[in-house]
Amino acid sequence: MRQGGAAGKAAVIVWRRWIFPLLLVLVFGACAAALVKIAFFPDATEAMVSPESSIVDPVIPVERGSVVNALTLSGNVARDDAFPVRSEITGTVIAVHVSDGATVAAGQKLFTIRQDEPKKDVDVVAPEAGDVSEIALVKGQATSTGTEIFTLTPARYHLLATVEPVQLYRLVNAPADASVTITGGPAPFVCTGVRVQVSAEGTASVRCAVPGDQVVFAGLPATMDLALGQVDDALVVPVTAVQGGAGTGNVWVDAGDGAEPEERAVELGVSDGAMVEVVSGLEEGESIRQFVPGFVAPVEEVCYEVAPGVEQCDSGVSW
C-alpha cells in the first residue's frame, strides 16, 4: 500500500512540475502567434477592397447661377517716376530762374534762352507741376536741341498693387477704372488708367493713377477693388471641373451609364476663381465630373481633443 501511495504522489508531482507548465507555455505561444498573424499578416481575402467600396469620382449637375468676378488687391501709394526734359531750342542761356531741388508749378518759368535763329529770347517753362533736379544749365552756357537740361519729378501719384501671377488671366479684360481705399485716408475714390505690369523677373502688379485733387502721400497702404465682370442666370461649373480656365477648356461629361466620361471642349466666360461661366459646350442638367482626371483634391485636416490638453489631427482627402 505504501508503495502505491508513493507512486501516486510521484505522478502528481510530475504533472504539477512539468506537464502543466509545458501545456501553459504551448497555449500562450499559440495565442501569441495568432495575435502576431492578425496584427502583421492579415488574411489576403480580407485585405482586398471590393469594387463596391472603391472611391468613385464625384459627379455634379450643370446648373444656372451667378458669377461676380471681383478682385481686391493690396498695395501702396507711390509718386510717379522722374523723367529728363530735353531742350527744344538751340542758343545761349541768359538767365536761370530756379535752383536745383525747387518745387515748381505747371507753366512756371525755369530758363531764358536767346535763340540763334531766328534771333529772339525764349522762356523755357515747367511742363507740369513737380520738383526740378539735375539742372544742367548755367547762365552764359550754350545749349542745343535734344540736350537734357533738367529732371522733373512730377507731382503725380499712383497706386501700385501686387497680384499673384495666377490671377493674370482674370485681368485680361480689366476695366480702366478701379476703386481705391487708403487706410486712414479719405473716402474711397476712383483711380484711372488701370494697367497690368509684369516685370522681367515675373513679378506682376496692377497700377492706376490717383486723381490730382486727392491729397495722398507716398508709402500709404491702400487697397484696389476691381470689378472685372458679372453674369446672372448663366451656366456655371466649378473651376475644378475644367481643364483650362481662360477662354476655353475641357470638361468630362458623365452619361450615368457606367461608361467612361466624354471629354468635351467648352467656351468659358466670367470666373470668380471658384466658379466659371460656360458660354457654350454644355447644356443645363448634364452631369460632369467635379474634378479633372488626375486632379489632387485638397487635403482637409480635422483636429479633435483626445484628452484634456491633448489634440490629435487627421488628414483626409476632401471630395
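Modeller: What follows takes up an aromatic pair, and then the pockets.

Modeller: The model is predicted, so local features need pLDDT of at least 70 and side-chain atom pairs count only at pLDDT 80 or more, while totals for chains, interfaces and linings use all residues. Residues are numbered from 1 along each chain as its sequence is written, and side-chain values use heavy atoms, with hydrogens and water left out.

Biologist: Why are Phe111 and Phe150 called a tilted aromatic pair?

Modeller: Rings of Phe, Tyr and Trp (its six-membered ring) pair if their centres lie within 6.5 Å, with planes under 30 degrees apart counted as stacked, over 60 as edge-to-face and the rest as tilted. Phe111 and Phe150 lie 6.0 Å apart, centre to centre, with 45° between the planes, and therefore count as a tilted pair.

Biologist: Which strands does the pair link?

Modeller: Phe111 sits in strand 6 (residues 109–115) and Phe150 in strand 10 (residues 148–154), 39 residues apart; strands here are DSSP runs (E, at least two residues), numbered from the N terminus.

Biologist: Which residues line the second largest pocket?

Modeller: Its lining consists of Val85, Arg86, Ser87, Glu88, Ile89, Val124, Val125, Pro127 and Ile149, where a lining residue has an atom within 4 Å of a point on the 1 Å grid. Strand 3 (83–86) and strand 7 (120–125) each give two or more residues to that lining.

Biologist: And which strand gives the most to the lining of the largest pocket?

Modeller: Strand 18 does, with four residues.

Technical notes:
1 Å grid on protein atoms, 1.4 Å probe; cavity = no way out; pocket = protein on both sides within 12 Å on 5 of 7 lines; lining within 4 Å.
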